[in-house]
There are 4 protein chains.
Amino acid sequence: MDDVVYKAGIAGATGYTGYELIKLIHRHPALEVGWITSESSAGKTMADVHACAWDYPLISLDEAMRRADEVDVVFLCLPHAASIEPVRAFDKTGVRVIDLSADYRLRDPAVYTRWYGVEHTAPDLIDDFVYGLCEVYRDEIRGARKIAAPGCYPTSVNLALYPLAKAGCLGERVIADSKSGVSGAGRKAALAYNFVEVHDNLVPYNVGYRHRHIAEMEQVLNGATPGGGAYRFTFSPHLLPVNRGILSTIYVTVTGGLSQADVRDLYAVAYADEPFVSVLPAGQAATLRHTTHTNLCVIGITPAQPDQPDGDEYIITASIDNLLKGASGQAVQCFNLAMGLEETTGLL
Amino acid sequence: MDDVVYKAGIAGATGYTGYELIKLIHRHPALEVGWITSESSAGKTMADVHACAWDYPLISLDEAMRRADEVDVVFLCLPHAASIEPVRAFDKTGVRVIDLSADYRLRDPAVYTRWYGVEHTAPDLIDDFVYGLCEVYRDEIRGARKIAAPGCYPTSVNLALYPLAKAGCLGERVIADSKSGVSGAGRKAALAYNFVEVHDNLVPYNVGYRHRHIAEMEQVLNGATPGGGAYRFTFSPHLLPVNRGILSTIYVTVTGGLSQADVRDLYAVAYADEPFVSVLPAGQAATLRHTTHTNLCVIGITPAQPDQPDGDEYIITASIDNLLKGASGQAVQCFNLAMGLEETTGLL
Amino acid sequence: MDDVVYKAGIAGATGYTGYELIKLIHRHPALEVGWITSESSAGKTMADVHACAWDYPLISLDEAMRRADEVDVVFLCLPHAASIEPVRAFDKTGVRVIDLSADYRLRDPAVYTRWYGVEHTAPDLIDDFVYGLCEVYRDEIRGARKIAAPGCYPTSVNLALYPLAKAGCLGERVIADSKSGVSGAGRKAALAYNFVEVHDNLVPYNVGYRHRHIAEMEQVLNGATPGGGAYRFTFSPHLLPVNRGILSTIYVTVTGGLSQADVRDLYAVAYADEPFVSVLPAGQAATLRHTTHTNLCVIGITPAQPDQPDGDEYIITASIDNLLKGASGQAVQCFNLAMGLEETTGLL
Amino acid sequence: MDDVVYKAGIAGATGYTGYELIKLIHRHPALEVGWITSESSAGKTMADVHACAWDYPLISLDEAMRRADEVDVVFLCLPHAASIEPVRAFDKTGVRVIDLSADYRLRDPAVYTRWYGVEHTAPDLIDDFVYGLCEVYRDEIRGARKIAAPGCYPTSVNLALYPLAKAGCLGERVIADSKSGVSGAGRKAALAYNFVEVHDNLVPYNVGYRHRHIAEMEQVLNGATPGGGAYRFTFSPHLLPVNRGILSTIYVTVTGGLSQADVRDLYAVAYADEPFVSVLPAGQAATLRHTTHTNLCVIGITPAQPDQPDGDEYIITASIDNLLKGASGQAVQCFNLAMGLEETTGLL
């Protein structure tokens, strides 16, 4: 490893994603914190906002833009729609940009508008971005200067199904029953996320075909399928009374007459060299615990009818930490690839 | 309501189900605790075992059988297989029996053996039992002297799908993704249920077609279907980090060309007079909180493709409290029906 | 019990206290819901606000005042300071008032102002109120028309120490280390109560001599002491990652040369006939679980130096459910006493 | 930092402490896993026992002893009493030993026997051990070959009070009200640690002067006091419904007429150069969150009577992660010191 240390700017640093990103940067031998921003807490420090001892001053986004040349990369941890213009502004300075919002993930601005309900004001920039799912788009991410880090739910579903889609063996109907920790909703005051409302509860929301993250599943899995896919998604996210982690339990049909061994082989081959994807032995399902506080995606493959060796229905379980592989960890993984560093640097 | 007060014996009173049953009996104007048993804690009192002030002495099952004539009804809260012979013994005394174990739920002893792995030593008694799902078998439960209270998971799934099955409109494939609180596993020392293992975790188990409770879903829903059903179940239970409650998210196809309004009507009609089943307005999904600490089953009906009014795919969410509607509450509801009391007595 | 059913108005019904009060009223044979109010949700129903099936319309406080004659008692579940004027308005209509806020608890308006930072605009009414801690002020509560229901923390500390204070045997220094579930903070959107902030955390706040509830401890315990007490309180509340319940671990010195048996006798005598106070056997400490979902206060008495039979230092543990004995349950207990009903009606 | 990498043997690796130690070793540039043992799971791998992908084989303690020469240091994560003889055996091989059990922490074997109820069968070895609280015994730990890593509760209390004791300003009576996550109880199947028993609960246990860890508080704080201390401890541990973390809320009197500024100065000076102890600004109390997943001890200093600048009563709050600073993190800190590495290596 060389000894260059890059400086990172973080826009929107006081959310859970930004906080986690700072922790990762602290462990990363080639990254250090440059400036960090917070619109609501500019003038304070991280220690004023979180139970931590980090005395980084929080500056405004405006000041950050003026100080773009102090950093080598900007990670944007802003809400969707709030990232569009800041990305454009940072991009003009020439600094490398990794955007963790949804704003530059979707290739088609019309799709963005349909799901997010806002016009995309920088459609010209979208083409410059690569979608930061390293296991699928590794070659494009290498050396990239603009990366859109994937959403948390789609990361779990896309990694769970990519080997099947790529092999053209994924049945048309995909049912993903996903459960997410509360940090996925962001750090905000809202009655729905008050402790008493979430604790001892389990809340399905946007069930069916209503959650924005479906767009990323369609883009990645349709795109990965030879000849293009046209999967029909049913996606049911649930709010789980834990802080972090996503478990997706996914019901699929495997086409092409594959045996159980064939299916396992598809995964084994697809992920043989992946440092952050782990396929469980037969008979095991992924749990939240498998990945909490790691950058891993752990996948379990279970035939739906264990007594029927030639059955074509499967349950794929996939677990990630929504703040790491589902957000900041994946962003750092992208950074490593983009800079030509070892992909796992600071993430093991 | 008349003023007769019946005495209840509880076999296996120190588990979570027995404990909850005692709380229900305390609120029930026509029930009081006779004797209660515990093999492991005989000689102690409930206050020695639970954080409560109940000084009921715990006696052995043997002593309880000798004192069968002191009670009007025996509730058995024993593990599966452990109930078979005690039920036979109590039955000989002529006392009314409500068994909360799985031992007398399945009509076919061969099916029992296939799922539970033990021979049924009292197959002759099975026919005397009625399956205590009041919303489906109300007439048979009225006046019944032997009742097998349903399992927790099947109660949520069966009530969620009964209107469709009865109307002959339930598609062949049923996928139930269920999440249960830890009390469903019973009160026992086991590493898998140690707080640290469960907290901040979500654990799928027996995923696919491996959980014993599938047998009750097949029995009830196949049986309710005109001409008999042959549904193909995929059932994925998950251990949820909460004490109590089950949420089942169920993926089905509705046959017969029904519109969304038709489907809602089926449920409205089927459950119009049910005191313990509540169907949510369109657009709402059931949450755990809807039913915790109640005897309710709350059901949400969501089209999988909201934009397609004639779509036939649905997500049915169903919530119950596994200790109440999924066990002791349902047992008391059966008791009320069996004794000719108002069905809701002590349960509202 | 007679067959009269009283109608209750609830001001501020959508908070956790109001919600719990409605549940209690449903179980109470002599109470039913009249109207309920919510300033923020007027025009909606409870089912719009909580995961429940209660279709009570929510009206404004103004409308409620015009409809005061429809109810026999008004329970006010409003924040402190917000209750002062509504109480005055309801009082003019002659309706019975039970105020669950802090506004009429403190006899001295100057003390109120010191702790709550607002002027008391109805000091003339304070004298009409009785402090609704039934175990201490039972005679005054009987027949009372204006009752100030006690705060949650003080209920646990006052019941824990009342027998010692009344006997003049409580040492001057009192250290109360209290832990409360999050519902004690009320139902509101605030980052500090966001699930992620509270879960897996324990947060001391207002440690020392800074929490408003100290005023109620001083008023009750100083008042109960023969000749008047002048206790010196150190009070450390902690926010606990549970929904409900308070556990106070209290460090005291017992004066007067009492033996351990003497101390236990003081409690046994003081609480011999109390339906809602339970003193644990020697060697046991109170846990949250002892009282959750009950109107009980459970107390444990532990000598600090078990080897020294004549030691004078004790640890008193006291557990209540903050929403029941610490709020709505206690309010109903007061109502029962005030109306001449059996004190335990609807509360067992 | 040099490039030597030491091999660590871990005895009792499948408990929570051992698991955490392996995670630390993975991040430590100068440590790697040699062998690891488990009596109950010998022959399996870590991945069979925990939800992780570590394929380290688990060997028996007997085999480990034969392979002592394969490692440079042995960390023993065994229960108390179970460490005495293995330590002797490993010691004979000459390997460096860091014992995380209580067996070699107490200088006086009679004190060990009094608290732990077992005879110490290797009293001759005790003198060779240094107590591994680096902030107090740093000089002795440098180069040490036998280190007894401190207990979790005592670490929080001793670091919280050490500056006062060392200055001779700690009042005789010390009241420590401590709350610990469940991992502190070890990884075992026991009804008391079943999820349902712990969740939504708070359980005081061994309240007063009954918990074994008091011995370590007495040893360290009495020893640190000029002329020797004779503190009188009241210690109340509570089982908290979280996985990890200890918060101690400690009530003390400061002697010697110190002002609040003086007291803060004592701490500032004592911990000025400590990498793992952080004293909060005035007005802040320590929370669990301050230290979870870190090797920090965070301390808050709060005057009990904020209005009395010359008051001598204080509340000291101290937070640690019981598995890190309270166990494995501290053990690695000791290792670093013992080997002459930077003390913070692998721990930041």
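In the loop between helix 9 (195-198) and strand 9 (203-204) of chain A lies Asp200(A), where helices (H or I, at least four residues) and strands (E, at least two) are DSSP runs numbered from the N terminus. The structure is a predicted model, in which local features need pLDDT of at least 70 and side-chain atom pairs count only at pLDDT 80 or more, while totals for chains, interfaces and linings use all residues. Residues are numbered from 1 along each chain as its sequence is written, and chains are lettered from A and ligands numbered from 1 in the order in which they are written.

The backbone of Asp200(A) has a phi near 60°, a positive value in a residue other than glycine. Asp200(A) counts as buried because it has 22 C-beta neighbours inside 10 Å; a residue is taken as buried if 20 or more other C-beta atoms lie within 10 Å of its own, as exposed if 12 or fewer do, and as partly exposed in between, with C-beta atoms placed from the backbone. A positive phi, near 50°, is also computed for Asn206(A), again a residue other than glycine. Asn206(A) is placed in the loop between strand 9 and helix 10 (214-224) of chain A, and with 15 C-beta neighbours inside 10 Å it counts as partly exposed.

A further loop residue, Thr14(A), sits between strand 1 (6-11) and helix 1 (16-27) of chain A and counts as buried, with 24 C-beta neighbours inside 10 Å. When its neighbours within four places in sequence are left aside, Thr14(A) is in contact with Ser38(A), Ser41(A), Val49(A), Leu58(A) and Arg187(A), two residues being in contact if their C-beta atoms, placed from the backbone, lie within 7 Å. The C-alpha atoms of Thr14(A) and Thr225(A), which are 211 residues apart along the chain, are separated by 38 Å.

Two helix pairs of chain A were examined. Two packed helices are described by the angle between their axes and the distance between the axes. Here the axes are lines fitted to C-alpha atoms, for helices over the stretch in contact, and angles run from 0 to 180 degrees between N-to-C directions. The axes of helix 7 (residues 134-141) and helix 12 (residues 324-339) of chain A come within 10 Å and cross at roughly 30°. Helix 7 and helix 12 of chain A are therefore roughly parallel to each other, given that angles under 35 degrees count as roughly parallel, over 145 as roughly antiparallel, 65 to 115 as roughly perpendicular and the rest as oblique. In this contact Cys134(A), Arg138(A) and Ile141(A) of helix 7 meet Gln333(A), Cys334(A), Leu337(A) and Ala338(A) of helix 12. The residues of the contact between helix 7 and helix 12 of chain A comprise five nonpolar, one polar and one charged, where Ala, Val, Leu, Ile, Met, Phe, Trp, Tyr, Cys and Pro count as nonpolar, Asp, Glu, Lys and Arg as charged, and the others, Gly among them, as polar.

For helix 8 (residues 152-166) and helix 11 (residues 260-270) of chain A, the axes come within 9 Å and cross at roughly 105°, which makes helix 8 roughly perpendicular to helix 11. Tyr162(A), Pro163(A), Leu164(A) and Lys166(A) of helix 8 meet Leu266(A), Tyr267(A) and Ala270(A) of helix 11, and the residues of this contact divide into six nonpolar, no polar and one charged.

In chain D, the buried residues of helix 10 (residues 214-224) are Ile214(D), Ala215(D), Glu216(D), Met217(D), Val220(D), Leu221(D) and Ala224(D). These buried residues pack against helix 5 (109-116), helix 7 (134-141), helix 8 (152-166) and strand 10 (232-239) of chain D.

Between chains, 33 residues of chain B are in contact with 33 residues of chain A. Strand 8 (173-180), strand 9 (203-204), strand 10 (232-239), strand 11 (246-253), strand 13 (297-303) and strand 14 (313-320) of chain B each supply at least two residues of the side that touches chain A. That side of chain B is made up of 17 nonpolar, 10 polar and six charged residues. Chain B is superposed on chain A, with an RMSD of 0.0 Å, by a rotation of 180° with 0.0 Å of shift along its axis, the superposition being by least squares on the C-alpha atoms of residues with pLDDT of at least 70 in both copies. Because 100% of the interface residues of chain B are also interface residues in chain A, the copies meet through the same surface.

The contact of chain A with chain C takes 16 residues from chain A and 15 residues from chain C. The largest share of the side of chain A that touches chain C, three residues, comes from helix 9 of chain A, and by class this side has nine nonpolar, four polar and three charged residues.
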